[in-house]
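Please keep the sequence and the 3D view at hand while reading.

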Amino acid sequence: MMARSLFALVCLTSAASGWAQKAELTFGVSGLCGMCENRIEAAYDQKGIVAADYDLDTHTLHVVYRAKKWDEERLHKLATAVGHDTDKFKASDEVYANIHGCCKYREHASCPSHDHDHDHDHEH
Ligand SMILES: [Cu+2]
């Protein structure tokens, strides 16, 4: 007849052990548009990463991760692996060459969604 309260106690203690140590890191990542934002955030869809939020206005990425699984350097390198420079590491030219034309932040490209200037003339 006392079984019910015993179960409740077991549930409480197992919930408490689910709190692994989380750490947070915010660092600069180069990016231009919504496509960049999606590409960057998708790169952080990894085991042990709880949340990743890229802010296009400030060009910073905020990551919440499990401290046991990730460290700062490896987190930076997730961004460089998809072609985006961070404030500590550079993406390789090879990877950078493969990102979409409007995302070439090093050349200050601009995405068509920002302005509808399709007929923009290049200098001859
Ligand atoms: Cu982009």
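A residue is called buried here if 20 or more other C-beta atoms lie within 10 Å of its own. The structure is a predicted model, and by that criterion buried residues make up 20% of the 124 residues in the protein.

**Overall layout**

The secondary structure comes to four helices and three strands, and, read from the N terminus on, these elements follow the order α-β-α-β-β-α-α. Among the contacts with a separation of 6 or more, 54% are between residues 24 or more positions apart.

**Helix H3**

Which residues of H3 are buried? They are Leu-75, His-76, Leu-78, Ala-79 and Thr-80, and what covers the buried residues of H3 includes strand E1 (22-28), H2 and E3. After H3 comes Gly-83, whose phi is positive, near 105°.

**The sheet**

The three strands form an open sheet in the order E1-E3-E2, with antiparallel pairing. Because E1 and E2 stand at the edges, each with a single partner strand, one side of each is left without a neighbour in the sheet. Neighbouring strands of this sheet are turned by 10° against each other on average, direction ignored. In general, strands of a sheet pair through backbone hydrogen bonds, either parallel or antiparallel.

E2 and E3 run antiparallel and are joined by six bridges; they form a hairpin with four residues between them, and in the turn His-59 has a positive phi of about 55°. Two of the residue pairs linked by bridges are listed below.

| Residue | Bridge partner in E3 |
|---|---|
| Ile-49 | Tyr-65 |
| Asp-55 | Thr-60 |

In soluble globular proteins, nonpolar side chains tend to be buried together. The largest nonpolar core of this model holds 17 residues, and of these Ile-40, Leu-61, Val-63 and Ala-79 touch the most other members. Two or more residues of this core are given by each of helix H2 (34-43), strand E2 (49-55), strand E3 (60-66) and helix H3 (72-81).

What does Val-63 touch, not counting residues up to four places away in sequence? Its partners are Glu-24, Leu-25, Tyr-44, Ile-49, Ala-52 and Leu-75.

How values were computed. Residues numbered from 1 in each chain as written. Predicted model: local features only at pLDDT ≥ 70, side-chain atom pairs only at ≥ 80, totals over all residues. Core = buried A, V, L, I, M, F, W, Y, C linked by C-beta atoms within 7 Å. Buried ≥ 20, exposed ≤ 12 C-beta atoms within 10 Å, placed from the backbone. Contact = placed C-beta atoms within 7 Å. Pairing = 2+ DSSP bridges. Axes fitted to C-alpha atoms, helices over the stretch in contact; angles between N-to-C directions.
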